[in-house]
Amino acid sequence: MAEVTFTLNGERTTVDAPLNMRFLDVLRVKKNLTGQKEGCGEGECGACAILLDGHIVNSCLLPLGSVSGRDVVTIEGFKQTERFRTIQEAFVHEGAVQCGICTPGMVIAAESLLRHNPRPTDEEIRIGLSGNLCRCTGYNMIVAAVKRATKRGEGLW
Amino acid sequence: MVTHHIAKDYQDALEKLSEGTYRILAGGTDLMVRNRRLSETPVPFASDVLYIHNLDELRYVSEEKGHLAIGALTSYEDLLHDERVPTVLRDCLRILASPAIRKMGTLAGNIGNASPAGDSLVVLRLLDAQCVLESKDSTRTIPYKEVVTGPGKTVIGKREIIKEIRLPEASFDKTVFWKVGGRKADAISKVAFGGAVKFSDENVADFRLSLGAVAPKTLRDEDVERGVKGKTKTEMKDSAEEIVAAYAPLVRPISDQRSNAAYRKEVALNMIRQFITSL
């Protein structure tokens, strides 16, 4: 066990847990932040995505030992923002949510993309979402939703 | 009992490594998958683990005399968006893994992991990359081609860390990076290919091919390349089949869960042919 301090959704947080604990488990078990899902557990599906220093990463591949001193935003933290509300409206409007398991990761992927590229092309949106799997929508609605968010959220990113 | 330690700074990392029992965990994208067991239980490791993700002093790209220096923890994603990085490396990184994994993955991690299918290794071999290996008591700079010796095997000592990757300055008229995988993102290559060529007037001044996932380590053969240099462009194209034939015995892939040896070999040789005839 070791104490690791980092910023979690804007607040300085210290967790006492093994350094080799997956950060996904730290969030879900220690912090009760269950918006992050475990899909594949090996970095292929993106259901566990979080923002680490403002960029999407897979929390299932991230040991607690790598988070020391870093800035973490989960879907629960991102939910408090105007950007989230814009992406949410777009996902609802375009029918980009079906079973919902991939949705938190998709929203994190969209935010990570738009933060670095506020006006992505369709191709760039697909690349931005390429690490996130969805077995329901067939992806086109999600791509359309991200596009809608860029238009309606002009100036937010 | 395995010890876990977060490096406080680079010197602390070298100190810990000098004990000779630590395995370095940088991005974790290989080690966390390979060692994973059950959900909600810590990932077991066979040796002590040194966590170095927070060593920001190893995140840099700088133009030095004769080479581009890349700090060992610079992520693929950061390299992808850095225009000082050679085009062929960025072409490789653009189709490597996914944005999330590219943010954690590093060239140094790919070298340390030493997978025969490591995509970035194909480019490091193509560009004659050098590796700076450091320990508490020594620093050595050696060519990448001497670092990886086989699947999962390197000459990196237990007390050493990859500190920096160096890409020698080079200019080419055309470079390509191609890969064949199960899907566009997050695919470990069935075959990966890097090619680079430079012409002086109509003559081939430089010619390099590098292939991944077709041999125990990245395949490049300077003897075959030497035979192509000096030819005119037309002569080179006319001898495409001879060049392909020269590579045929060197392409020795295996069958595994991703592909089979016969397919890999045919695709690899087709890529060589395609590169030559497209010039």
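User: How many residues of chain A are in contact with chain B?
Analyst: Two residues are in contact if their C-beta atoms, placed from the backbone, lie within 7 Å. Here, 30 residues of chain A are in contact with 27 residues of chain B. This is a predicted model: local features need pLDDT of at least 70, side-chain atom pairs count only at pLDDT 80 or more, and totals for chains, interfaces and linings use all residues. Residues are numbered from 1 along each chain as its sequence is written, while chains are lettered from A and ligands numbered from 1 in the order in which they are written.

User: Which element of chain A gives the most to the side that touches chain B?
Analyst: Elements are DSSP runs, numbered from the N terminus: helices (H or I, at least four residues) and strands (E, at least two). Strand 4 of chain A gives the most, with four residues. Helix 1 (23–30) of chain A also supplies at least two.

User: How does that side divide by class?
Analyst: Ala, Val, Leu, Ile, Met, Phe, Trp, Tyr, Cys and Pro count as nonpolar, Asp, Glu, Lys and Arg as charged, and the others, Gly among them, as polar. The side of chain A that touches chain B has 11 nonpolar, 14 polar and five charged residues.

User: Which domains make up chain A?
Analyst: Domain bounds come from an automatic or database domain assignment. Chain A has domain 1 (2–76) and domain 2 (82–152). Their centres, taken over C-alpha atoms, are 21 Å apart.

User: How many residues are in contact between these domains?
Analyst: In chain A, 15 residues of domain 1 are in contact with 13 residues of domain 2. Strand 3 (49–52) and strand 4 (55–58) of chain A each give two or more residues to the domain 1 side.
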